[in-house]
Amino acid sequence: MDLFDYMRETTKEKESPLASRMRPSTLDEVVGQQHIIGKDKLLYRAIKADKLSSVIFYGPPGTGKTTLARVIANTTSAEFKQINATVAGKKDMEEVVKAAKDLQGMYGRKTILFIDEIHRFNKSQQDYLLPFVEDGTVILIGATTENPYFEVNSALISRSSIFELKPLEKEDIKVLLRRAVEDTQKGMGSFHAQIDEDALDFLADMAGGDARNALNAIELGILTTDRSEDGIIHITVEAASECIQKRVVNYDKRGDNHYDIISAFIKSMRGSDPDAAVYYLAKMLYAGEDIKFIARRIMICAAEDVGNADPMALTVAVSAAQAVERIGMPESQIILSQAVTYVACAPKSNAACNAIFAANEAVKKYRTTVPVHLQDAHYKGAAKLGHGTGYKYAHDYPNHYVKQQYLPDEIKDARFYEPGDLGYEKTMGEYLKKIREE
């Protein structure tokens, strides 16, 4: 290392962003991703035992792909080399492979090659690695934000284990933020800052599972906020909102305001006001509400308030719920908006809801017996008991309908389901009336 290299490394260590300085150096410092690095998991055991084989880390930005690679670098006895596919080429890989062969031949040491953004390599660049991964010349660690099954050669995938990293949970982000504020070695502890609990919640919500985003915001907040008279930098929710450039909205996810917003949201869909419904949707999303919670409320509204007036409403709502779980934010806001506006604009009926409530009351009030002709007649001896005798098979009659008693004797004249006069339910009601009269 010459003088310029030394100065560059020294300056880099001091002036690098907080998110870079706060990278864990050991497995025990890593926050989140317990589904792959929990102490009983394969990856944890492989890293601890220094028996790692080729792997590909796949997940959104800020979830710890590079962090895990650095932890491996600090843990392994193997030589660790890192290149970035956005700027590196085949020549860089050739140099790593040559050095790996020499190291293995002279000292018997392995080489781990970490390729960040591996999906940026074209097919021929990825193919170059195959024989060296195959014979163990290098142990590959690839990191990608793209689905490796689409962006990485299948031959390379077959020689690697795929580990998917998930967006960090809110509590994980809060742990990292507290650590960053208090850590005097790698964090901002020497600035003597304090972060309010509501500011912590706000930043953890707004980070969207991205640790880097959260750490960048708290660093900016501490560096740009004036000290109070007590000599401490207080990071309030207002300061936090400035740092992450998002306005704080009045929305407490555990308090009354949460229930007021969701109530207004549902009542707007029920009241056929798509503008109000999508406004409350936007407010919940802005405040960091769980998209799965929102999707569940849309499904309930589709069944409770639209029902059979438009049976497609529930289908749209269920499809939206499945889609948002697979896609996540920010794209999920479009899917939720489609479902919300569909349910809001659909013809309304609560007949199905009323039907089950009325039937529940009848079940509580009356003790009933299934009519004999409807009882199961498929077992030996049923005929001797008269079970199933006199049953009329509907498909043997015109219009596939025959008048027959289905309710128990005690409530034989009850009506639980009364179809409304809007949408498809009007057609259903007309059909029932027609066949009953005929």
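In which helix does Ser332 lie? In this predicted model, Ser332 belongs to helix H18, which covers residues 332-345. The residue is buried, because its relative accessible area of 0% falls under 20%. The side chain of Ser332 reaches the backbone oxygen of Gly328 at a distance of 2.9 Å. Leaving aside residues up to four places away in sequence, Ser332 also touches Ile291, Val324 and Ile327.

Ser158 is found in helix H9, made up of residues 154-158. Is Ser158 buried or exposed? With a relative accessibility of 57%, Ser158 counts as exposed, since the value is over 50%. The side chain of Ser158 forms a polar contact with the side chain of Arg159, at 3.4 Å. Further along the chain, Ser190 is 32 residues apart from Ser158, and the C-alpha atoms of these two serines are separated by 48 Å.

For helix H10 (residues 170-182) and helix H12 (residues 211-224), the axes come within 10 Å and cross at roughly 35 degrees. The crossing of H10 and H12 is right-handed. Which residues meet here? From H10 come Ile173, Leu176, Leu177, Ala180 and Val181, and these meet Ala211, Ala214, Leu215, Ile218 and Ile222 of H12. The residues of this contact between H10 and H12 divide into 10 nonpolar, no polar and no charged.

Note on methods: Residues numbered from 1 in each chain as written. Predicted model: local features only at pLDDT ≥ 70, side-chain atom pairs only at ≥ 80, totals over all residues. Heavy atoms only, no water. Axes fitted to C-alpha atoms, helices over the stretch in contact; angles between N-to-C directions. Helix = DSSP H or I, 4+ residues; strand = E, 2+ residues; numbered from the N terminus. Left-handed = near helix turned anticlockwise from the far one by under 90°. Contact = heavy atoms within 4.5 Å. Nonpolar A, V, L, I, M, F, W, Y, C, P; charged D, E, K, R; others polar. Buried < 20%, exposed > 50% of the residue type's maximum accessible area, 1.4 Å probe, protein only. Polar contact = N/O pair within 3.5 Å; in protein donor to acceptor, adjacent residues only side chain to side chain.
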